[in-house]
Amino acid sequence: TTPPAKRPPPPSSRATRSSKKAPSPPPAEAALCQICFDEEATETRALSCGHAFCTGCWSAYASSKIREEGELNIACMAEDCSVLAPDTFVLSAVSDDLRAAARFKDLCVRDYVEAQRALKFCPYPECTHAVRCSAAATKASHNTLVPAVTCGASSAHTFCFGCTIEADHR
């Protein structure tokens, strides 16, 4: 008889971003993808939690999460696992789906801009530029200064950085 397979340690309650190539599985049943059950799947990938799935399932899962749900934080496909896939893992999983890859990059940029107090997207329709206003980096600065900023777009949109109302309304 063969010894029982080791189970990966349970994931922590906090989600983490980590990945690694799946270790070489023992022969036969361990190579079976637990999503599609394709016995022909030869390449698997796993996050740091150790849950390995075939590259086709990772690709379909990541593309679906990005394109249909607009999801930036893509967790492991294993039930009750909260380990998050790092950006490089996600981009490699969707490398054949150019629309999903472009959407994921856009989601990353939007997430970054929203996390920075000194950055804001131009509120004008169809404009995709972000504007930096160092003077408005804190909420307290809006009590003394309501900065009007001009977007770098060719039509040079001007808006209040504090409330996005058009033009300078100090």
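Phenylalanine 89 is buried in this predicted model, with a relative accessibility of 2%; buried here stands for under 20% relative accessible area, exposed for over 50% and partly exposed for the range in between, with a 1.4 Å probe and protein chains only. Residues are numbered from 1 along each chain as its sequence is written. The model being predicted, local features need pLDDT of at least 70 and side-chain atom pairs count only at pLDDT 80 or more, while totals for chains, interfaces and linings use all residues; side-chain values rest on heavy atoms, without hydrogens and water.

Phenylalanine 53 is buried at 5% relative accessible area, and tryptophan 58 is buried at 2%. Tryptophan 58 also pairs edge-to-face with phenylalanine 89, at 4.9 Å and 85 degrees. This pair joins distant parts of the chain, 31 residues apart: tryptophan 58 belongs to helix H1 (residues 55-69) and phenylalanine 89 to helix H2. Helices are DSSP runs of H or I with at least four residues, numbered from the N terminus. Ring pairs connect Phe53, Trp58, Tyr61 and Phe89 into a cluster.

Aspartate 97 sits in the loop between helix H2 (87-93) and helix H3 (98-115). Aspartate 97 counts as buried because its relative accessibility is 16%. Leaving aside residues up to four places away in sequence, aspartate 97 touches Ser63 and Arg67 (heavy atoms within 4.5 Å).

Terms used. Helix = DSSP H or I, 4+ residues; strand = E, 2+ residues; numbered from the N terminus. Phe/Tyr/Trp six-rings, centres within 6.5 Å; stacked < 30°, edge-to-face > 60°.
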